[in-house]
Amino acid sequence: MSPDALITDIASARGAVNGLYDRVQQTYITAGYNAFLTGLFADELAHVGSFPSLAEYASNDIDLNNIENTRYWTDHFETINAANIIIDKLQEVEIDSEASAELTAQAKAVRAFMYYRLVKVYGGVPLALTGNLSATDIDTNPLPRSSESAIYDQIMLDLGDALADIRTSGSLYFFNENSVRVLKALVEMELEMYTQAEATLAPVIGEYTLATSYADLFGGNASTQEGVFAINFADFDGNSYAFYYLESGGRYEVAPSGDLLSSFEAGDERTSQIIGENPQIFKFKDPGSGSDDVYIFRYAHVLLMQAELLARRGDATASDYINMVRNRAGLGDVVLDSSNFIDLIAQERFVEFYGEDTDRLFTLTRLGIADQEISSKDNNTFIPERNNLWPIPQQEIERNSAITEADQNAGY
């Protein structure tokens, strides 16, 4: 279907947005490799399988032609292009203005999410804001790299627009007002806009509760009690998490790292989701069809963000929020303050979100401690000038005349 025929009325516009979320389910966005690549590059996962392309991530020495890197780039940009087409077409067709604004907001939230992922692992990337690029081969269109600040500016614009117009407040599987707020606050924290982040996050506090049991969060549908934003997978459109994590029914390609295993305190109930004589992450139970839902944001994310924000300004109630998460895991209280929040927040996020999405690497780089954690890994090729970024795929440099070898990230 051509872009001109894609959206003609409200029904086709909603169908296009549903299709956009199908793209968000792609392997390198939310269906597994997003977690494998970032987890291996950080100190979260170990490579125990046979794929050389994944071994390069584990050793932090990614080849310019690494197929996983190329696919990560392509999946994200194809999804951006699909969002751009929706945004463009909704400006051209005459449909109910409120419905049009809501659907445009969904597309902008997805676009912001994709660019957040890209800027975190590549730094500046091409900034595509129109849908005139090929949905199947965006790399053939010459667009130069934009600066990191320009990418973040656009992310903030998109999230501001989305927050103003999104109305799907009760939807777990689509961006809703709360999940946009969480993403926006996270980006503000990246930009060291801590006062703004606290204000952005404030309406989400108290809107959810932690599940009673950590184990109950995993193995099927996402928790409506704790889930803020999740991706819905089913038998016919599954993810690859369990297949890559488990021996029984899977290929056991990636495993919890020694650093992760040694990070748990005695009595931490979250270790229930690591099983086997050969340690395996058991948060995803279905290696056959990959039907387990995937969390992007849980209320535990919100509580730990709030704890950090309060600790940064010396608010004594910061401890209350981190201890909610710790107490659910069967652990005692800690005192969180402005002198220790980096270590304690990094630690708590590590043992709370392991194996899920991209949290560990993104937390380490945001808190400024990635160098010390990554450089201490076994069998690691640590090159400081790379700034913990991945290389721009060689395919992009060869196809995109606006990007040259001189534009490659440092150290590659």
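**A chat about one predicted chain**

Modeller: Of the 412 residues in the chain, 58% are buried, where buried means under 20% relative accessible area, exposed over 50% and partly exposed in between, with a 1.4 Å probe and protein chains only. This is a predicted model, in which local features need pLDDT of at least 70 and side-chain atom pairs count only at pLDDT 80 or more, while totals for chains, interfaces and linings use all residues. Residues are numbered from 1 along each chain as its sequence is written, and side-chain values use heavy atoms, with hydrogens and water left out.

Biologist: How many helices and strands are in the chain?

Modeller: The chain has 17 helices and six strands. These are DSSP runs numbered from the N terminus, helices being H or I with at least four residues and strands E with at least two.

Biologist: What about cavities of 30 Å³ or more, how many are there?

Modeller: Searching the whole structure gives four. On a 1 Å grid over the protein atoms alone, a cavity is a set of points where a 1.4 Å probe fits but cannot get out, and lining residues have an atom within 4 Å of a point. Grid points are joined across faces, edges and corners, and a volume is the space filled by probe spheres set on the points.

Biologist: What volume has the largest cavity?

Modeller: About 200 Å³.

Biologist: And which residues lie nearest its centre?

Modeller: Leu186, Phe297, Asp357, Thr358 and Asp359, out of 19 residues that line the largest cavity. The elements giving two or more residues to that lining are α6 (97–122), α8 (177–190), β6 (294–298), α12 (299–312) and α15 (359–367). The largest share, four residues, comes from α15.

Biologist: How does that lining split by class?

Modeller: Nine residues are nonpolar, three polar and seven charged. Ala, Val, Leu, Ile, Met, Phe, Trp, Tyr, Cys and Pro count as nonpolar, Asp, Glu, Lys and Arg as charged, and the others, Gly among them, as polar.

Biologist: New topic. Is Lys120 buried or exposed?

Modeller: Lys120 is in helix α6 and is buried, with a relative accessible area of 9%. Leaving aside neighbours within four places in sequence, Lys120 is in contact (heavy atoms within 4.5 Å) with Tyr152, Glu190, Phe362, Thr365, Arg366 and Leu389.

Biologist: Where is Met324 found?

Modeller: In helix α13, residues 318–328. Met324 counts as partly exposed, at 37% relative accessibility. Apart from neighbours within four places in sequence, Met324 is in contact with Leu210 and Leu303.

Conventions
On a 1 Å grid over the protein atoms alone, a cavity is a set of points where a 1.4 Å probe fits but cannot get out, and a pocket is an open set with protein on both sides within 12 Å along at least five of seven lines; lining residues have an atom within 4 Å of a point.
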